[in-house]
Amino acid sequence: METLFVVLGIPLAGGITLALFGHRDEARDINVIFSLGTFIAACVLTARIVAFGPMFAWNEEFFIDPLNVFLVTLTAFVGLTTAIFSRPYMSVERDHGKMTRNRLRLYHSMYQMFSFTMLLALTTNNMGILWVAMEAATLTTVLLVSVYRTAASLEAAWKYFILCGVGIAQALFGTVLLYMAAEKVLGSEGGALLWTHLDLVKGRLDPNIMTLAFAFLFIGYGTKVGLVPLHNWLPDAHAEGPTPVSAVLSGLLLNVALYAVLRCKVLTDGALQSHLAGNLMMGFGLVSVVASVFLLIRQKDVKRMFAYSSIEHMGLMTFAFGMGGPIANFAGLLHMTVHSLVKSAIFFAVGHAAQKAGTQLMDEIRGLIKVSPTVAWGLMLGSLAILGMPPFGVFASEFLIVTTAMREQPWATPFLLIALGVAFATVFNRVQPMVFGDTTVKPLPHPPALIPVFVHLGLGLVLGLYIPPYLDMWYRQAARMLGN
């Protein structure tokens, strides 16, 4: 399928091109152009899937269906808006001496390669290629996190590499066990690692091997989701890397890792005919929600605070998908979408705010409303949106998750409500003086890119009020695919 070739080929070509020319002044525009091309190709691919249904490509090694096609479009869209945001942001970082020409080349080229690896992971039908793509995403992200070459950024990148490297090794062992279970049914020549083939025979897979396989796969990919207690890399990576990297980490990479877990859960549920995988996901998801909220209270760095917020929301999604069923799966997919949009918008606003103040410490960022009202309102509205204030989309998805938990898992409801309440009080209490306090901050030399902030928040608001029919159809089809 030539459209898929274009979707994957554009960011790959962009990475190679910017590896050669990423140090030039026009590289920031080239980065946006390649990201725009990827987004347009993703929209064309989505239109074909809507018109003709699921499609295979390249001897069934790639497969596009309702579960991954909307994530492909979301990834390409956030990749485009983040590239637009990074134009003035990186100009300021260059003026401050944080980014040299060689570092800019590394940043631009790895940004495109990061997009390529995420799209590869989403579109492949081969569980082995999925593992390779996730490992490649880890390596590109390590280089992006360490791009400043400070002691703190190198430490954060090293921690990220070690923890996610150990996690991805567990996922490799789980993939080997999955192949072992599949080979007994499909044979060595039967495409034993192709997800669609596995899905057809999942009821015949050895339940004992599949139990072990899912345990390793869940630990491995769960590390990249940021689930507690495998979360320690995430706050450091967000705090020490460039803000555009924080936006795509929180808004995109965590989604891709959770997508990998969901693909594995479908196979495990079919093999075991039990709710073991869902129970594991509910348990780790709930622990992640509660633990991250109380760790969030102690944070003084604004990016670390919102990094713990990402752990909270990924835990909430994991809990929802663990419950299963059409409503919980629908809510999880909706939450995945609005979290990506709103959280990346927050990091855009936080990046400009931190540049204005010259620090990421919340106690030293004050009075943004007097210096840049648009940045201030972007941060405040984004914070209210991510905290579940109606009528934003996060409220709608959280409402569906909590009400489903009241019916299906009532024991978990008090923990969810207390955690969400504590998160609301803490974040609002920290953000309010950042926006409305007294300040001596001066305006930035380069005007900030605020269109992506309000486009993302606008989409998050629309999804809280009205879900377009085609998006609703995607969610419903994907929720059915995920099963009970």
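This is a predicted model: local features need pLDDT of at least 70, side-chain atom pairs count only at pLDDT 80 or more; totals for chains, interfaces and linings use all residues.
Student: Why is the pair of F70 and Y475 called edge-to-face?

Tutor: The ring centres of F70 and Y475 are 5.4 Å apart and the planes stand at 90°. Rings pair when their centres lie within 6.5 Å, and planes over 60 degrees apart count as edge-to-face; the pair is therefore edge-to-face. The structure holds 18 aromatic pairs.

Student: Which parts of the chain does this pair link?

Tutor: F70 belongs to helix α3 (residues 66-95) and Y475 to helix α19 (residues 469-482), 405 residues apart, so the pair links distant parts of the chain. Both F70 and Y475 are buried.

Student: How do you know whether N126 counts as buried or exposed?

Tutor: N126 has a relative accessibility of 14%. With the limit for buried at under 20%, N126 therefore counts as buried. N126 is found in the loop between α4 (101-123) and α5, and, neighbours within four places in sequence aside, is in contact with E61, L193 and L194.

Student: Why is helix α5 called roughly antiparallel to helix α6?

Tutor: Helix α5 (residues 127-145) and helix α6 (residues 151-186) pack at an angle of about 175°, and their axes are 9 Å apart. Angles over 145 degrees count as roughly antiparallel, so α5 is roughly antiparallel to α6. Among the residues making the contact are M127, W131 and V145 of α5 and Y160, F161 and L178 of α6.

Student: What makes N59 and E60 stand out in their backbone angles?

Tutor: Most residues other than glycine have a negative phi. Phi of N59 is near 55°, a positive value in a residue other than glycine. E60 likewise has a positive phi, of about 65°, although it is not a glycine. N59 is placed in the loop between β1 (55-57) and β2 (62-64), and E60 also lies in the loop between β1 and β2.

Student: Why is N59 called exposed, whereas E60 is called partly exposed?

Tutor: N59 has a relative accessible area of 74%, which is over 50%, so N59 is exposed. E60 stands at 30% relative accessibility, between the limits of 20% and 50%, and therefore counts as partly exposed.

Student: Where are the cis peptide bonds from V228 to P229 and from P390 to P391 placed?

Tutor: Most peptide bonds are trans. The bond from V228 to P229 is cis, with omega near 10°, and P229 lies in the loop between α8 (207-225) and α9 (233-240). The bond from P390 to P391 is cis as well, with omega near 10°; P391 is placed in the loop between α15 (373-386) and α16 (393-408).

Student: Which residues touch the most other members of the largest nonpolar core?

Tutor: Of the 154 residues in this core, Y221, F306, F321 and L379 touch the most other members. Helix α10 (residues 243-272) contributes the largest share, 18 residues. A second, separate core has 17 residues, including L286, M323, V422 and A423.

Conventions
Residues are numbered from 1 along each chain as its sequence is written. Side-chain values use heavy atoms; hydrogens and water are left out. A nonpolar core is a set of buried Ala, Val, Leu, Ile, Met, Phe, Trp, Tyr and Cys residues joined through side-chain atoms within 4.5 Å. Buried means under 20% relative accessible area, exposed over 50%, partly exposed in between (1.4 Å probe, protein chains only). Helices (H or I, at least four residues) and strands (E, at least two) are DSSP runs, numbered from the N terminus. Rings of Phe, Tyr and Trp (its six-membered ring) pair if their centres lie within 6.5 Å; planes under 30 degrees apart count as stacked, over 60 as edge-to-face and the rest as tilted. Axes are lines fitted to C-alpha atoms, for helices over the stretch in contact, and angles run from 0 to 180 degrees between N-to-C directions. Angles under 35 degrees count as roughly parallel, over 145 as roughly antiparallel, 65 to 115 as roughly perpendicular and the rest as oblique. Contact means heavy atoms within 4.5 Å.
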